Amino acid sequence: NTKAEKKAGFKDYVRVVFTNKPLLCLILMTLFTISAMNTNNQMMIFFCQYNLCNVALQPVVNGIMMGCSVAGILLIPKFVKCFGKKKTAMGGLIIGGAANILNFVLPTNIYSFIFLVTIGYAALAIPNGVTWAFVSDVIDYGQWHSGIRKEGVTYAAFNFSRKIAQALAAIVSSGILALTGYAANAVQSETTLTGIKAAMTLYPGAALLIAACIIGR
């Protein structure tokens, strides 16, 4: 290949990614949904140890959440058939966001917490599953819009957004712990406990509702 051909090829790749509005929406949605899920997972041990005062609850709660999320994933084909991919994803995001925010607003209680966090996690599993079907759609849209079909570039951009979301979750989790004065293996202040609860529930809830707005455009 000549230098000009390589340059033209690079321009084509840029055009594939940055002129594909559905792909950009999918990337933004992924940033919020994956960071919400990872923040939830990272904060679980802190919430169980300090807010619920029983660190042994962590594997129990995680087991319930995972089991229900598998059930939600198995229902995806039925939901998509009845409501379509977009409405199915939005429904899961809205339900998950509402459950998480309600979990933040309500006083901390082991039973209501497990119930609502499970609903939020299972609901999130649905749009996360549908997301992979969206990738195929944005590839088709990109080909129609630009005349170029680049599956590799699209998948690379999508997967890169997932990596960024994982980093964002780590920043949110560690940042809130630091800002609220967390000290390991010590009695936590009310401010710290509220911060842990906010990272566990409020951030995921807000992130999922933002993701619903993005995908709903």
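**View 1. The side chains of Thr192 and Ser189 make a polar contact at 3.0 Å.** A polar contact here is a pair of N or O atoms within 3.5 Å, where one must be able to donate a hydrogen and the other to accept it. Keep in mind that this is a predicted model, where local features need pLDDT of at least 70 and side-chain atom pairs count only at pLDDT 80 or more, while totals for chains, interfaces and linings use all residues. Residues are numbered from 1 along each chain as its sequence is written, and side-chain values use heavy atoms, with hydrogens and water left out. Thr192 sits in helix α8 (helices are DSSP runs of H or I, at least four residues, numbered from the N terminus). Thr192 has a relative accessible area of 0%, so it counts as buried (under 20%, using a 1.4 Å probe and protein chains only).

**View 2. Here's where α2 meets helix α7 (residues 151–179).** Their axes, which are lines fitted to C-alpha atoms over the stretch in contact, come within 7 Å and cross at roughly 40 degrees (angles run from 0 to 180 degrees between N-to-C directions). The residues of this contact split into 16 nonpolar, 9 polar and 1 charged. Asp, Glu, Lys and Arg count as charged, Ala, Val, Leu, Ile, Met, Phe, Trp, Tyr, Cys and Pro as nonpolar, and the others, Gly among them, as polar.

**View 3. Now for the lining of the largest pocket.** Among the residues that line it are Lys21, Phe134, Tyr141 and Arg217. Helices α2 (21–51), α6 (110–146) and α8 (190–215) each supply at least two lining residues. A pocket is an open set of points on a 1 Å grid over the protein atoms alone, where a 1.4 Å probe fits, with protein on both sides within 12 Å along at least five of seven lines; lining residues have an atom within 4 Å of a point.

Key. Buried < 20%, exposed > 50% of the residue type's maximum accessible area, 1.4 Å probe, protein only.
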